[in-house]
Amino acid sequence: MTIDDGPRAQRSTSRDLERYAALFAQRTKVMKSSAMRDLMAITERDDVISLAGGLPDTSTFPPESYASLMQRVAADSCARALQYGPTEGLEIVKRCIVEVMAEEGIGGIATDEILVTTGGQQVIDLVCKTLIDPGDVIVAEAPTYPGAVPAFCAYEADVVQIGMDRDGMRVDELEETLDRLEAEGRRPKFIYTIPNFQNPAGVTLSLPRRERLVQIANERELLVLEDNPYGLLRYSGEPVPTLRSLDGGEFVIYLGTFSKILSPGIRLGWAVAPRPVLAKMNIGKQAADLCSSSMTQHFVAAYFEAGRWQDYLRSLAEIYRRRRDVMLDALAEHLPREAEWTRPEGGLFVWATLPDYIDTTDLLARALDEHVAFVPGRAAFLDGRGGSSLRLNFSGVGEDDIREGVRRIGKVVREQVGLYGTLTGSGPPAAAAATPEPAPAPPDPELAEVLELPDREQRRRGSAGEAGPA
Amino acid sequence: MSRVAVLKGGRSLERQVSLRSGARVEDALERLGHDVVPIDVGGDLVARLRETAPDVAFVALHGRDGEDGTVQELLELLDIPYTASGVSACIRCMDKVLAKHAMQDAGIPTPAFHAFNETAFKELGAAGALPEIEARLEFPIVVKPAGQGSALGIKFARTAADVPTALVAAFSYDRKVLLERHVHGRDLAVSVVDLEDGPSALPIVEAVPREEDFYDFESRYEIGRSEFVCPADLDDAVAARAAELALSVYRLLGCAGFARVDLMLEAATGELFVLEANAIPGLTETSLLPQAADAAGIGFDALIARIVELAGTRATAGA
């Protein structure tokens with residue numbers, strides 16, 4: 001053959017990405033996309049016990065209920081379910097939302113304060129679209145919801161993360177940060193928080209901090225995006241008032257969703273926001289998708305009309321409570337004493353922090369050899385922190401898989417702890433560490449300030465250089 | 001026209017990259033008029049190969065199984081001609097320690113290194129020898145898993161305190177790791193393709209990372225994260241020497257069809273050092289070998305056509 005060009009491409013295909021690279025907008029360059037994403041792709045294999053997802057267990061929904069609800073939609077509202085709907089959502093589904101919000105302790109919501117969205121995720125996107133110019137500051141928790149990170153990045157926001165402890169976001173640190181930003185002439189557009197059973201940390205913002213946060217928002221005239229997907233999935237402890245109910249709707253944008261209480265597949269969420277903000281979000285939504293699915297809105301309306309949504313929610317909460325307990329027991333049995341983790345009162349996630357010489361992105365590679373997966377902590381930070389933490393989901397897989405998955409994670413963690421001990425002469429010999437030790441006592445929640453990552457990171461940076469890339 | 005099975009994906013950590021390489025190869029093969037059978041490599045690989053009975057298997061796998069000789073061994077058994085290097089060359093390239101020893105023995109410059117498996121630390125007290133290693137290699141030291149194709153698990157140790165952490169990370173990917181002297185300088189890649197006149201070095205690609213201080217896994221595969229210069233702006237003598245080294249390594253390790261050799265041009269001395277050879281380098285939109293081929297006037301389709309053509313001849317020659 002000769003070195004010429006051969007048959008020229010007859011057609012371009014979407015796979016030939018380089019042809020389009022020069023056309024990409026500047027913001028695509030800051031969209032997060034990483035080695036971790038490649039690793040995460042492997043976690044979806046059938047032979048992997050994945051504690052990485054954030055999935056509710058939809059197998060708990062009775063197929064016969066699904067069938068009869070769809071039958072009902074077909075019989076009563078076929079044409080309307082197949083039609084476009086108003087951008088702000090159908091009135092019939094807004095009435096369901098009012099019901100859910102009342103259950104959350106938020107009364108007196110008018111249906112014209114609600115924007116029905118395509119999942120809660122769209123609320124995050126629309127809030128950014130409405131408020132964020134490139135370089136604007138968003139204040140978020142550290143760690144924050146990994147799925148919000150691509151949205152923040154797509155709008156080229158500068159995300160400042162505030163440390164957490166077992167009472168949620170450190171409001172004192174928030175105030176210091178706001179002062180500092182103000183001194184720099186930068187005013188954050190909004191504060192993003194998941195007050196209940198936070199994703200990924202599993203902790204709940206305490207009432208005093210909620211009160212103070214709402215006060216701060218009022219004093220400084222800042223918006224707060226309260227993301228509350230799991231509020232009704234409480235397994236222990238007493239409910240805490242939402243920020244929206246404390247604030248009365250002045251500076252809080254409330255994000256709700258049917259994803260965790262019914263189904264993420266129906267892609268329905270909502271925002272309740274101050275009317276001027278809601279109006280702008282509505283325009284943003286028109287551009288994005290005109291309206292959310294009429295079909296699934298009718299499905300939700302039929303489901304609520306049947307009047308058993310709270311029963312289903314209770315059954316879900318009971319299943320998840322048991323799974324949480326199984327996970328916490330398994331963690332106590334299998335993780336070495338150097339590890340710490342949160343004990344969520346609800347939601348879907350436990351956040352564990354390992355000794356800082358373990359990088360959980362690397363650990364995931366080893367864990368995948370054992371056919372188990374989790375989310376490395378770095379996914380929940382925009383600044384490279386979280387390297388020794390991991391997020392574990394307990395809602396998406398059954399109790400046996402949780403036990404076995406945590407056992408396997410415990411095995412690889414113990415191996416690494418043992419190896420590090422051998423390498424530094426500081427720990428037990430690896431052979432001893434490989435034998436299961438007697439189960440250590442569960443961590444004392446008073447002592448386990450597992451989320452104070454900034455300090456840990458500073459210590460690490462102070463003593464040793466960063467050990468290369470992720 | 002022939003039936004070509006494109007083997008891609010698999011369970012390696014480089015699965016995503018491989019899927020992208022595979023998809024692009026499939027497009028090219030279709031344009032070339034072949035009957036393309038895409039196979040995402042899994043438990044049914046042997047059955048799928050028997051069932052589809054391809055004339056050629058195009059191995060677009062990276063990392064474990066696909067680049068370490070395992071899949072090649074199966075293809076040999078099934079008597080299916082396949083692209084690129086054979087079993088033994090794959091094994092030599094995939095194991096950086098084997099490759100570096102071969103280079104050292106043949107007098108090809110490669111950065112000084114020491115390699116250990118996990119048992120050396122666990123059972124032979126190798127940790128006690130770390131100070132000697134550190135003294136010989138001098139900081140910063142690069143710690144790498146022996147058998148990871150991409151930059152996953154590669155860590156820098158800037159001080160002695162970083163070494164245990166870096167080792168723990170590298171051992172996440174392989175039971176064998178190496179500690180290597182860090183060569184500070186320019187990151188060069190020489191692609192080699194077996195053309196009519198035999199293995200030929202293509203124009204050199206230099207990777208200039210935009211952000212991080214290291215050419216890492218992320219920037220290697222993401223559009224916009226690294227800047228690639230091809231041909232690299234080098235003295236003729238340096239370029240010629242790099243090409244010569246790459247060809248020597250290609251022959252030394254027994255590569256076939258195509259391969260990519262990664263080198264460092266040390267800033268302080270102007271010396272070239274070979275880091276490793278990749279038996280199945282990436283063929284994605286941002287991969288280096290297709291860029292180098294393009295710079296040599298070989299379009300992607302022509303490159304793929306040549307690689308497929310060689311699969312048949314190597315099988316005959318190797319029989």
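Domain bounds here come from an automatic or database domain assignment. For chain A of this predicted model, that assignment gives domain 1 (35–54 + 312–437) and domain 2 (77–306). Taken over C-alpha atoms, the centres of domain 1 of chain A and domain 2 of chain A are 28 Å apart.

The contact between these domains draws 26 residues from domain 1 of chain A and 24 residues from domain 2 of chain A. On the side of domain 1 of chain A that touches domain 2 of chain A, the elements giving two or more residues are helix H11 (309–334) and strand E11 (349–353) of chain A. H11(A) gives the most to this side, with 6 residues. By class, this side of domain 1 of chain A holds 14 nonpolar, 6 polar and 6 charged residues.

A helix pair is described next. Helix H3 (residues 91–103) of chain A packs against helix H10 (residues 294–306) of chain A at an angle of about 50 degrees, and their axes are 8 Å apart. The crossing of H3(A) and H10(A) is left-handed.

| Helix | Residues in the contact |
|---|---|
| H3(A) | Ile92(A), Val93(A), Cys96(A), Glu99(A) |
| H10(A) | Gln297(A), Val300(A), Ala301(A), Phe304(A) |

The residues of this contact of H3(A) with H10(A) comprise 6 nonpolar, 1 polar and 1 charged.

Notes:
Residues are numbered from 1 along each chain as its sequence is written. Chains are lettered from A and ligands numbered from 1 in the order in which they are written. This is a predicted model: local features need pLDDT of at least 70, side-chain atom pairs count only at pLDDT 80 or more; totals for chains, interfaces and linings use all residues. Two residues are in contact if their C-beta atoms, placed from the backbone, lie within 7 Å. Helices (H or I, at least four residues) and strands (E, at least two) are DSSP runs, numbered from the N terminus. Ala, Val, Leu, Ile, Met, Phe, Trp, Tyr, Cys and Pro count as nonpolar, Asp, Glu, Lys and Arg as charged, and the others, Gly among them, as polar. Axes are lines fitted to C-alpha atoms, for helices over the stretch in contact, and angles run from 0 to 180 degrees between N-to-C directions. A crossing is left-handed if the near helix is turned anticlockwise from the far one by less than a right angle, and right-handed if clockwise.
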